[in-house]
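The exercises below concern one multi-chain model. Each task is followed by a solution in steps.

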Amino acid sequence: MLQTAQRQSKTKKPSPPHERFLEAYRWMLLTRTLEEKLVSLYRGGLITGGVYIGKGQEAVSAACGLFLQKGDIFAPLIRDQAGRSAFGEPLLDVTRTYLGSRQGPMRGRDGNIHRGRPQQNQLAMVSHLGAMISVTVGTLMAKRFKGEKDFIGLACIGEGGMQTGAFHEGMNIAAVEQVPLVIVATNNHYAYATQNDREFACHDLVDRAIGYGFEGYSLDGTDLSACLEVIGGAVKRARAGRPPQLVVASVLRLSGHGEHDDASYVTEEIKREPFARDCLKVAEQTIADLNLVDAKTLTEWRKEAVAKVDEAIATAQKEAPPEGDKEDWCAISVRDLVDSLQ
Amino acid sequence: MSITYLEAIREAQAKLLRDDERVFIYGQDVGGTFGGAFKATKGLAKEFPGRVLNTPISEDAMVGAAIGAAIEGMRPIVAMQFADFSSIALNQILNNAGTHYWRTNVPVPITVRLPSGGTKGSGPFHSQSMESIYAHYPGLIVMTPATVEDAYTMLIEAVAIDDPVVYCEHKYLYYHLKADKLPTQGVPTGTARIAREGRDLTIVSYSAMVHEALAVAEQLAGEGFEIEVVDLRSVKPLDTNTVLASVARTGRLLCVGESFPWGGVTAEVIARVAAEGFHLLDAAPQRLNAKDTPIPYHPNLWSAHRPNAKEIARKARALLRE
Amino acid sequence: MPQLGESIAEATIVDIKVKPGDEIADDQEILDVETNKAVMGVTTPCKGKIAQITVQLKETYPVGAVLGYVEASEADAARFAKQAPSPAQREVAEEIPARADQEVAPAREKKVAARDGDGARAGGLPVPVTPKGATFMSPRIRARMAELQLTTADLAGIMGTGAGNRVTIKDLENFLHKIESQTAQDASAIRTGVADAMRRSWMRPLSTIGSSVNLDTVLQDRQSRDPKPGPGLYALRALALALAETPGAAAKLIGNRVVQSTSIDVGIAVEAEDGIMVPVIRSAEKTSLADLATKYKELIELARQRRISPDMQAGGIATVSNFGTFGMEWGTPIPLPDQTLLLGLGAGKKVPSWNEQKKEFVPRTEAQITLSFDHRSIDGGGAGRLLKRVIELLETPKKL
């Protein structure tokens with residue numbers, strides 16, 4: 001098994017747009033619109049629990065969701081709204097979950113970004129970071145057992161999540177099992193309030209790829225076409241039977257850890273770094289520079305995004321919440337085996 | 001022909017692999033010619049190529065992968081080498097597998113085999129009984145077979161159940177317990193078994209302790225007491241009705257378990273009997289567990305640490321005199 | 001046979017490398033055995049000569065079985081005999097001595113002492129050691145008793161076989177079984193009502209004192225009255241006046257409070273069709289003897305009509321019982337459960353009584369008068385003084 005770590009050099013000039021550039025941009029736009037609305041609902045006290053947004057990571061995330069096809073497995077985490085939408089998650093799933101409608105995918109039993117639709121190949125995350133890597137591996141093993149072809153799995157993680165034991169075990173077993181897995185790790189430079197120098201000690205996280213038997217690639221996460229190029233390439237290679245792929249993207253988290261966090265610990269210094277650019281603005285600049293779309297269309301797109309978000313929110317707001325005394329308090333599916341506890 | 005408890009487990013796995021293509025076995029050292037640290041999978045890798053797989057020493061990932069595979073339609077059996085090591089996988093078992101159906105309405109049909117319980121000289125990290133921890137968390141079935149027959153039928157049933165099953169097999173019983181033949185049908189999980197009928201006192205137990213209890217019953221029969229022994233078979237679900245019916249007959253309850261004393265199966269049984277069958281008790285219910293220390297290594301300390309027939313008899317006699 | 005791996009129970013002999021008479025060295029392999037895992041060698045414990053091999057090839061033996069005997073030096077024999085695997089014994093683990101730099105031991109001892117049964121305290125209050133002892137009634141017993149409407153009084157006749165001679169469910173069932181073979185009818189409501197009242201009353205320490213009273217003056221006094229009050233009413237009036245004089249005697253002890261009566265209410269036994277009723281005369285010390293007689297007549301009528309309600313029988317502090325009408329001379333009647341005193345008047349008898357002045361025996365009508373009392377609320381001395389005063393008043397009916 002030949003293992004190579006390739007690094008893509010960061011260029012200052014905007015790359016020529018990828019063929020799916022505008023498609024990806026629209027998902028980013030929808031996501032940004034949605035999450036801004038969620039933040040304002042949160043600040044208005046209309047959302048129970050936390051709100052975690054992926055501001056600054058939309059390019060990476062959209063690229064993740066975009067290249068997945070029917071039969072692929074997607075294991076998103078908390079800042080992957082763009083990927084979820086691109087993968088096909090309806091906006092209503094988001095608004096129903098956040099606004100506490102009984103009709104949401106988790107029916108009130110879990111909240112916010114833990115939602116998923118396992119039967120539609122979008123895994124529902126648990127809070128313990130790194131745990132979903134091995135679960136993704138398992139789904140891919142099952143597909144192989146069943147004789148399916150041409151499938152891959154894509155799991156997301158952050159630089160903080162990469163340090164857990166579970167992540168290590170998951171990454172190792174993925175390579176041992178030789179499953180077609182792509183791990184997209186976004187280093188957004190803050191794991192809650194902890195900077196990289198207290199999170200890991202190696203020079204570059206992508207160096208770990210060789211250590212695990214993965215192929216590794218670095219990525220400027222603020223550059224949409226780079227994201228599409230690198231992530232698209234990784235997905236292609238996984239599908240072609242290469243060893244598992246690790247893509248490490250660099251961005252800055254442009255929000256608090258959650259909306260309850262004011263991120264006042266983020267230094268002014270780091271905000272001036274190149275990786276601190278807002279990928280949405282960068283993409284819009286590219287669109288302007290290359291005149292990919294006229295201003296009128298752009299405005300329409302923005303309006304459409306707002307309309308879609310507003311509709312999803314309005315629908316969810318009309319729906320009833322779950323009720324404790326009407327709930328089926330049963331944690332197992334085989335009713336005969338329910339324990340007779342008072 | 002006599003068959004041991006361990007062989008029954010191997011036979012069950014062979015039957016499962018044979019009859020259901022969704023089944024595969026995932027654990028350390030289970031594959032190749034080695035067939036597992038206790039030989040529970042000996043010969044199976046050869047007979048079912050590609051379905052008995054060696055894993056790295058990664059209990060978290062072993063269970064995580066099993067969960068993923070189960071979501072995608074497989075029926076994996078995760079073979080932990082020792083129950084004690086499953087603590088590494090607690091997060092996946094309790095928080096991932098155990099919550100999945102509740103959260104997403106998609107059940108996770110994994111079976112985790114836990115070689116449990118003490119044998120002489122195994123020490124603190126190769127002897128634990130962890131059924132109480134798994135039973136405590138919602139979303140899991142916990143089985144504790146005490147007989148060769150149950151070891152066979154309950155493992156087959158475990159894989160058929162759509163929910164995650166923690167199957168606690170007892171290492172001491174592996175070669176110490178034999179039966180003449182394997183049954184074709186088993187009693188479904190959720191029903192306890194009256195291992196011995198009695199009149200004067202009920203001992204509720206599970207796994208290896210059932211045999212200690214039966215030895216005590218034999219001994220006390222010579223002293224004129226008829227002890228009823230109840231084998232729980234599964235601790236979750238726990239067959240409260242059979243326990244209550246037994247206490248209704250005898251009026252006295254002693255609950256014996258091999259796990260640590262704080263909380264646990266014995267506490268759970270007594271809590272239920274106190275709540276629902278208080279009026280049935282002619283004396284305060286008692287329990288006997290291992291001591292509240294890690295499990296010792298030296299055989300003298302080990303045998304003093306866990307309940308044994310002598311201890312159980314002493315406690316039973318005191319209860320009979322109440 | 002050594003323990004060749006966890007969970008191994010037995011092994012099969014596959015090779016015997018020595019025979020009796022062979023000289024063997026320390027740690028020499030003398031047998032090969034096979035378990036399910038592997039073939040392993042068994043070594044001698046020490047050097048010496050093979051005396052006997054007690055096992056056979058291809059046979060299976062359990063762990064701990066004797067495989068053979070080695071003749072060895074005395075020193076070696078002593079040393080290895082001690083190390084021979086013994087059936088697991090329970091040794092009392094020695095307390096690990098506390099290190100000098102740790103203050104662990106004293107605290108630990110205190111905790112252990114506190115846990116011990118005797119002298120255990122929870123929150124400073126003494127804690128019962130175990131639910132043993134004759135008075136322990138298990139939930140099962142209580143449930144069965146409730147089912148059969150039995151009280152502990154009913155179980156008095158059972159000799160318990162449980163700890164401290166307490167009654168176990170078996171004892172109860174045996175007892176009930178015996179009763180089943182005997183003829184029985186249903187008790188009337190009156191019977192069970194009285195039984196319950198007396199049982200409750202008996203929960204207190206009751207005592208009785210008595211003396212004799214000269215009834216001649218009473219008998220003479222009643223001749224001049226119409227209607228004629230019975231001796232019982234005279235006794236009631238006397239008691240009421242005596243209690244009014246010593247209000248302390250008219251108090252009830254409840255817990256550690258002495259509860260004063262607001263009025264002297266005394267009951268009088270009235271015979272009704274289906275039993276005795278005990279209506280209470282309120283403020284009896286303010287009711288004249290004439291009024292008492294009238295009231296009594298009314299009560300007899302009400303009793304006949306069965307119109308004496310429970311309210312009319314409640315709240316008294318004493319009752320008078322004139323069992324003399326049945327011919328009894330003395331008795332130890334049981335005060336009603338909500339009262340502390342019961343005055344019992346026996347039948348009058350013509351008896352010789354020593355007259356100190358005349359220095360001869362003279363006839364007089366004498367009756368025994370007894371006072372039963374709740375010894376928690378009043379002592380013998382107090383009861384005695386009260387009874388003496390009642391007798392004084394009775395022997396001077398003008399004062400009534």
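**Exercise 1.** In which hand of crossing, left-handed or right-handed, does α1(A) pass α8(A)?

*Solution.* The model is predicted, so local features need pLDDT of at least 70 and side-chain atom pairs count only at pLDDT 80 or more, while totals for chains, interfaces and linings use all residues. Residues are numbered from 1 along each chain as its sequence is written, and chains are lettered from A and ligands numbered from 1 in the order in which they are written.

Step 1. Take the elements as DSSP runs numbered from the N terminus, helices being H or I of at least four residues and strands E of at least two. α8 of chain A then covers residues 224–239.

Step 2. α1(A) passes α8(A) in a right-handed crossing. A crossing is right-handed if the near helix is turned clockwise from the far one by less than a right angle, and left-handed if anticlockwise.

Step 3. The two helices pack at about 110°, with their axes 10 Å apart. Axes are lines fitted to C-alpha atoms, for helices over the stretch in contact, and angles run from 0 to 180 degrees between N-to-C directions. α1(A) and α8(A) are therefore roughly perpendicular. The classes are under 35 degrees for roughly parallel, over 145 for roughly antiparallel, 65 to 115 for roughly perpendicular, and oblique for the rest.

Step 4. On α1(A) the contact uses A:F21, A:A24 and A:Y25, and on α8(A) it uses A:L224, A:S225 and A:L228. Residues are in contact if their C-beta atoms, placed from the backbone, lie within 7 Å. By class, this contact has 5 nonpolar, 1 polar and no charged residues. Ala, Val, Leu, Ile, Met, Phe, Trp, Tyr, Cys and Pro count as nonpolar, Asp, Glu, Lys and Arg as charged, and the others, Gly among them, as polar.

**Exercise 2.** At what angle do the axes of α1 and α2 of chain A cross?

*Solution.* Step 1. The axes of α1 (residues 21–43) and α2 (residues 58–66) of chain A come within 9 Å and cross at roughly 120°. That makes α1(A) oblique to α2(A).

Step 2. The crossing of α1(A) past α2(A) is right-handed.

Step 3. α1(A) contributes A:E23, A:A24, A:W27, A:M28, A:T31 and A:R32, and α2(A) contributes A:E58, A:A59, A:A62, A:A63 and A:L66. These residues divide into 7 nonpolar, 1 polar and 3 charged.

**Exercise 3.** Which chains share the most contacts?

*Solution.* Step 1. Of the 2 pairs of chains in contact, chains A and B share the most contacts. No contact joins chain A and chain C, whose closest C-alpha atoms lie 21 Å apart.

Step 2. In the pair of chains A and B, 39 residues of chain B are in contact with 38 residues of chain A. On the chain B side, the elements giving two or more residues are α3 (59–71) and α4 (90–104). α3(B) gives the most, with 9 residues.

Step 3. The chain B side that touches chain A divides into 19 nonpolar, 14 polar and 6 charged residues.

**Exercise 4.** How many residues of domain 1 of chain B are in contact with domain 2 of chain B?

*Solution.* Step 1. Chain B is divided into domain 1 (3–179) and domain 2 (193–321), with bounds from an automatic or database domain assignment. Their C-alpha centres lie 26 Å apart.

Step 2. 24 residues of domain 1 of chain B are in contact with 21 residues of domain 2 of chain B. The elements of domain 1 giving two or more residues are α5 (131–136), β6 (141–143) and β7 (165–170) of chain B.

Step 3. The domain 1 side of this contact has 11 nonpolar, 10 polar and 3 charged residues.

**Exercise 5.** Which residue of chain C is joined to C:P227 by a cis peptide bond, and is C:R306 buried or exposed?

*Solution.* Step 1. Most residues other than glycine have a negative phi, and most peptide bonds are trans.

Step 2. The cis bond joins C:D226 and C:P227, with omega about 0°. C:P227 lies in the loop between α6 (216–223) and α7 (231–245) of chain C.

Step 3. C:R306 has a positive phi near 60° and is exposed, with 11 other C-beta atoms within 10 Å. A residue is buried if 20 or more other C-beta atoms lie within 10 Å of its own, exposed if 12 or fewer, and partly exposed in between, with C-beta atoms placed from the backbone.
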